Amino acid sequence: MYFSKKSLEPVPEEETSIWTCSTEQCSCWMRDNFSFADSPECPICHSTMVKDQKMLPTLSNTSSRR
């Protein structure tokens, strides 16, 4: 049997708009283009969420929410 490590291509990342939970104890976040509401509430602790930016792998969401 032969095992080899393939050289993996780096995953392209981009600055992405996200929603983060406003509660410090909660680490929940979601991508803005995958949320169902214009200003969502945290699905874990039900607090308000605030807009932020994060470097994330590039994904495309083909379904429209509006």
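Here is a short walk through the structure above, from its core to a loop and then to a strand.

This is a predicted model, in which local features need pLDDT of at least 70, side-chain atom pairs count only at pLDDT 80 or more, and totals for chains, interfaces and linings use all residues. Residues are numbered from 1 along each chain as its sequence is written, and side-chain values use heavy atoms, with hydrogens and water left out.

The largest nonpolar core has 7 residues, namely W19, C21, C26, C28, M30, C42 and M49. A nonpolar core here is a set of buried Ala, Val, Leu, Ile, Met, Phe, Trp, Tyr and Cys residues joined through side-chain atoms within 4.5 Å. Buried means under 20% relative accessible area, exposed means over 50%, and partly exposed lies in between, using a 1.4 Å probe and protein chains only. In soluble globular proteins, nonpolar side chains tend to be buried together.

Two of these core cysteines deserve a look. C26 counts as buried because its relative accessibility is 14%, and C42 counts as buried because its value is 0%. With neighbours within four places in sequence set aside, C26 is in contact (heavy atoms within 4.5 Å) with C21, C42, I44 and C45. How many disulfides are there? With a disulfide taken as a pair of cysteine sulfur atoms within 2.5 Å, the count comes to 0. C26 is in no disulfide, and the nearest cysteine sulfur, that of C42, is 3.6 Å away.

Next comes the loop between strand 2 (29-31) and strand 3 (49-57), where H46 is found. Strands (E, at least two residues) and helices (H or I, at least four) are DSSP runs, numbered from the N terminus. H46 has a positive phi of about 65 degrees, although it is not a glycine. Its relative accessibility is 53%, so H46 counts as exposed. A37 also has its place in the loop between strand 2 and strand 3. Is A37 buried, partly exposed or exposed? A37 is partly exposed, because its relative accessible area is 31%. The C-alpha atoms of A37 and V50 are separated by 12 Å, and these residues are 13 apart along the chain.

Finally, T16 is found in strand 1 (residues 13-21). T16 counts as buried because its relative accessibility is 9%. Its side chain reaches the backbone oxygen of E14 at 3.0 Å. Beyond neighbours within four places in sequence, T16 is in contact with R31, D52, Q53, K54 and L56.

Notes
A polar contact is a pair of N or O atoms within 3.5 Å; within protein, one must be able to donate a hydrogen and the other to accept it, and residues adjacent in sequence count only if both atoms are side-chain atoms.
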